[in-house]
Amino acid sequence: MTQPDYRPVSYSRTTLTELMIPSYANFGGKIHGGILLSLMDKVAYACAAKHAGNYCVTVSVEGVNFLQPVEVQELVSLLASVNYVGNTSLMVGIKVIAENVKTGLVKHTNTSYFTMVAKDENNKPTQVPGLLLETHDDTRRFLEAIKRRELAQRYQSEFTEAKSILAVEQELYLLKDERCKLAY
């Protein structure tokens, strides 16, 4: 079966909802971040694989900032959509919300971006269909993803350069107000 040239964002939009149970909680009664990351990875895979029509692997995760804790007994919904496609890669945006079914309180706990790569039967990267932008929001997300990639590439380049010219002995003054002590 041949792949279509383009698929709309709506084609692969995916929602995963799961009840938070006591075994997912830490000693403080809050849901482990690792549980939420695992759920985000699952929904990113489902969304990317549906768009690509192929197996996909996670290559990077950006923006995992937990804004609010998730509690036992809350329903967590992960809303995923393909925000951007390259040749073999896809960026999946995921919005995580938690709902207390007793009180009706809904809270946005985080938004993250997973970059996935599609693989063929030989485990080689394979081209994905283009993205048909159906709405203003689809277009905004695609453009934001381009900017996100540009900033990430610029940061990586600048950080690599900064590391290469770092002279530790000349930079020790930066430790003056930090909570560390040299032991050598």
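Analyst: In this predicted model, the side chain of Arg 7 reaches the backbone oxygen of Lys 50 at 3.3 Å.

User: Why is the approach of Arg 7 to the backbone oxygen of Lys 50 called a polar contact?

Analyst: A polar contact requires N or O atoms within 3.5 Å.

User: What makes Arg 7 a residue without a salt bridge?

Analyst: A salt bridge needs a side-chain nitrogen within 4 Å of a carboxyl oxygen. For Arg 7, which is buried, the nearest side chain of opposite charge is that of Asp 5, 10 Å away; therefore no salt bridge is assigned.

User: Where does Arg 7 lie, and which residues is Arg 7 in contact with beyond its neighbours within four places in sequence?

Analyst: Arg 7 belongs to strand β1 (residues 6–8). Its contacts beyond those neighbours include Lys 50, His 51, Pro 129 and Leu 132.

User: Why is Asn 123 called partly exposed?

Analyst: Buried means under 20% relative accessible area and exposed means over 50%. Asn 123 has 48%, so the term partly exposed applies. This residue is in the loop between β6 and β7 (130–132).

Note on methods. Residues numbered from 1 in each chain as written. Predicted model: local features only at pLDDT ≥ 70, side-chain atom pairs only at ≥ 80, totals over all residues. Heavy atoms only, no water. Helix = DSSP H or I, 4+ residues; strand = E, 2+ residues; numbered from the N terminus. Buried < 20%, exposed > 50% of the residue type's maximum accessible area, 1.4 Å probe, protein only. Lys, Arg positive; Asp, Glu negative; His and termini not counted. Polar contact = N/O pair within 3.5 Å; in protein donor to acceptor, adjacent residues only side chain to side chain. Contact = heavy atoms within 4.5 Å.
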